[in-house]
Amino acid sequence: MKLPANVNSIIGKEGIGLKKWASLMLTCMFAISLLAGCGGKDEAKEKAPGAAEQQAESGDTVTKFSISLRTLNFGYVEQSPDINADKWVKRLEELTNTDMDIRLVPHKEYEQKMAQMFATNDIPDVVQGQGGTTGKEMAGSVEAGVFMPLDDLLKQYGPNLLKKIPQEAWNRMSYQGKIYGIPEWLGNPSRRATWIRKDLLDKTGLPVPKTVDDYLNVLRAFKELGVENPYMGRQDFKYADTFFGAYDVFPYLSQFEEVDGQIQPKFLDADNMMKALSTYKTMFDEGLINKEFATINPTTFKNTILAGKAGIWSMNANELIQWKTQLKESVPEAELAIIPSPVGPDGKGGYYLYGDVARSYFINAKYKHPEKVIQFFDWMISDEAEQFFTFGVEGEDYTKDGDKMDYKQPTDVQAVDEERYRQAFLWMVQDTTYNKGSLSLTEEGRNLMSVFDNTLANEGRDGIEFDPRLEALKKNPDITPLSDTPPPLLITHMVKMVYGQEPIENWPKVIEEWKSKGGNDVLKEANDRYQSKEGAFLPRK
Amino acid sequence: MAPRPGKDGNIWRMIWKYKALYLISIPSILYFLIFKYIPLGGSIIAFQEYNIFKGFGGSEWVGFAHFAEMFRHYDFLRILKNTVLIGLYDLVFAFPAPIILALLLNELRLVMFKRVVQTVVYMPHFLSWVVIAGMSVAILSPTTGILNQLLGWFGFDPLYFLGDNAYIRGVLIGSGVWRDTGYGTILYLAALAGINPELYEAAQIDGANRWKQTLRITLPALLPTIMILFLLHIGKFLDFGFERVWVFLNALNTENGEILDTYIYRAGLLSQQYSYTTAVGIFKSLVGLALVMTGNFFSRKTTGESLY
């Protein structure tokens, strides 16, 4: 700012008025300098890790790295005043000789925040992805060279990782033949299950249903018993897609199939799709599904079930024990069971299979000590780590008498929350199918493991999946499905058909509409990509 | 209005003379520069194939391709129609609501009662749309909703308000009126308080009843406020708001309920097509600008009131 040369003379003329202004300006400047001062302090803080880094180079001092972690809606994480000061984080750091700077990413705005992080170039040393190198949340960062390829490092510093993690999971973490991330993998990708109120089924005297017709009969019997929602519906058929699975017509991202040498989405199978829609229409007309299911949100869905007003529904199997406890609070005589999903004309059924990778970890190409981070993750799959994450610290959380483990399973909500946080959030690399250690301690837990190993392992629908995603799907959100939600264009028709606002025989027309609104490009690209074997993953079942 | 330069035409002398005014305007000028005008530059990504790693400098220029794509989109007309219709309904039904309410409140004589009513009607403004949508689902439900039970007493069949294209616009406007009408009265009530009571006394002596007084005194006195707020409202004509629509949308009502904002969210943030959605956003702003200028022009011609 250019000050006039004759300041003094002006002050002389205008007197106090200007003096006031001058003092105001001084105050402003003071405020600004204070702010600047704060900035200076920050810089000083940032310098500290640099110094520590130098130390790390000189000897076996702690490894410092920043890491972004999605909060996953865990109450314990979201309510923690400072996750970096959390006692479990501190213990983990002690065990691994590290000093993590955890930067939480809000669960709900995950994709948005990730894109923001990349756009502002404020990228932590280790970035958590949700599986795959080219997913939306990665925003093209792997292609842009933000992260380093890990093959050589893994060979040298991560022998256990390479040994224990299945090849399918590594395939997902590869881009142009190189591994870019360490996956938290899923040994059994069949997670969603069909749940039933066993006590109600016993009342009807009917056997456990198998086919779609059996299921409809059980639902009718539930209706006669006075169950409000024999089948619990939900908005957009999310977690209410049991019968699309029976007919193998999930309109989801991973559900492409080969028909007569052509690659196409499964919902193009008009016969089966119309059968599935008719099943829902029957249920709607007979009142076996709530007439307002198009506006039932996740909260209402859960509350209705936990209030004992539903007979059959779909939910992730690993929620079983928790929901059972909660349901018993309102309906003490309630018995919950997971049964095989209805089978369709091909004798199979089930829900869409999850990806092989649940979460994954990428290392910033600029980070100085990637080998230490690899060692950190390598430790995660050791026996010591399993013991720590499952049961906590010996002497405090459990005692051992020879081989006998004395671990008190938490019962109150807060303690359950804390255990879940330790076992699922903090244990970053593991097989997340279920926690074997703590489940095998109880009868209930052993039952659940058997559900996973015997019921769920035998069902589920998979298809051909393209990763990176087809360009044609990126272009038009209307025809783009999510991993477990149909594309908006299809949902509209599907819901209308079930509500009787549009004849189900129109499905072939819907397919034509889909094709004309960009679907033809999808088909062409899918076939090209499949022929050239570029990022095409074949069905696992 | 800034005074014109003096006779000698020395603008610096003029600035120096009003230095206090200029000084206190610096913070707001800086605010608009930093937070409003500089980000405007980001709009150039509408003319690029924007890649967040390459930035403004490295991304490829594509000219008007994204605008062309927008106009070619098979659903563009439907979404534009929804946006315009919802904006129009909002203008016709929601805009006058606070005026009417303020006039009614003004007629209340019992001060305590007036205060209570005022507080009650402006409270909903502080609820978030997510909460309102949750309440609406409960209130409008065909089986358990209170509204449908009321309709049932009058012998009507229950209506699935949220599951029908025919009602969604009504629900959107209605919930907005419920939420914001009370809050909107604040400005009008302030304007009403400023009317000289002698005018009413004179009118009473001339034999005017309350209705005549409202027509001849209150309304003309409110007109400048109404006009300015009207112009501001027009500026936001296509800007109905993303959240309040998004929370009500479902498969059964998207056809009539989807607006440009929700489309931008789906295509832009969910599919990460930054350039494309910026183009849609620019289009929206241009229409808004044109509407304000037209409205301002006519307002100045007819009532003499204008924004600039």
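Two residues are in contact when heavy atoms of each lie within 4.5 Å. By this criterion, in the predicted model, residues 24 or more positions apart account for 73% of the contacts in chain A with a separation of 6 or more. Chain A comprises 541 residues, of which 52% count as buried. Its secondary structure consists of 22 helices and 17 strands.

The model as a whole scores ipTM 0.79 and pTM 0.81. For chain B, the mean pLDDT is 88, and 97% of the residues of this chain reach 70 or more.

An unreviewed UniProt entry annotates residues 80-295 of chain B as "domain: ABC transmembrane type-1". In the model, this span is 76% helix and 0% strand, and its end C-alpha atoms are separated by 20 Å. The unreviewed UniProt entry also lists residues 20-38, 84-105, 126-147, 167-193, 214-234 and 274-298 of chain B under "transmembrane region". Two of these annotated segments were examined individually. Residues 20-38 of chain B are 100% helix and 0% strand, with the end C-alpha atoms 26 Å apart.

Packing between helices was then considered. Two packed helices are described by the angle between their axes and the distance between the axes. In chain B, helix α5 (residues 76-94) and helix α6 (residues 96-107) have axes that come within 5 Å and cross at roughly 10 degrees. Because angles under 35 degrees count as roughly parallel, α5(B) is described as roughly parallel to α6(B). On the α5(B) side, the contact is made by Leu91(B), Val92(B), Phe93(B) and Ala94(B), and on the α6(B) side by Pro96(B), Ala97(B) and Pro98(B). Classified by residue type, the contact of α5(B) with α6(B) contains 7 nonpolar residues, with no polar and no charged residues.

Gln118(B) belongs to helix α7 (residues 111-122) of chain B. The relative accessible area of Gln118(B) is 22%, and this residue is therefore partly exposed, given that buried means under 20% and exposed over 50%. When residues up to four places away in sequence are not counted, Gln118(B) touches Leu105(B) and Leu189(B). Between Gln118(B) and Thr185(B), the C-alpha to C-alpha distance is 8.7 Å, although the two are 67 residues apart in sequence.

Note on methods:
Residues are numbered from 1 along each chain as its sequence is written. Chains are lettered from A and ligands numbered from 1 in the order in which they are written. This is a predicted model: local features need pLDDT of at least 70, side-chain atom pairs count only at pLDDT 80 or more; totals for chains, interfaces and linings use all residues. Side-chain values use heavy atoms; hydrogens and water are left out. UniProt positions are given in the numbering used here, feature names are shortened, and annotations may be inferred rather than shown by experiment. Helices (H or I, at least four residues) and strands (E, at least two) are DSSP runs, numbered from the N terminus. pLDDT is the predictor's confidence in each residue, from 0 to 100. Axes are lines fitted to C-alpha atoms, for helices over the stretch in contact, and angles run from 0 to 180 degrees between N-to-C directions. Angles under 35 degrees count as roughly parallel, over 145 as roughly antiparallel, 65 to 115 as roughly perpendicular and the rest as oblique. Ala, Val, Leu, Ile, Met, Phe, Trp, Tyr, Cys and Pro count as nonpolar, Asp, Glu, Lys and Arg as charged, and the others, Gly among them, as polar. Buried means under 20% relative accessible area, exposed over 50%, partly exposed in between (1.4 Å probe, protein chains only).
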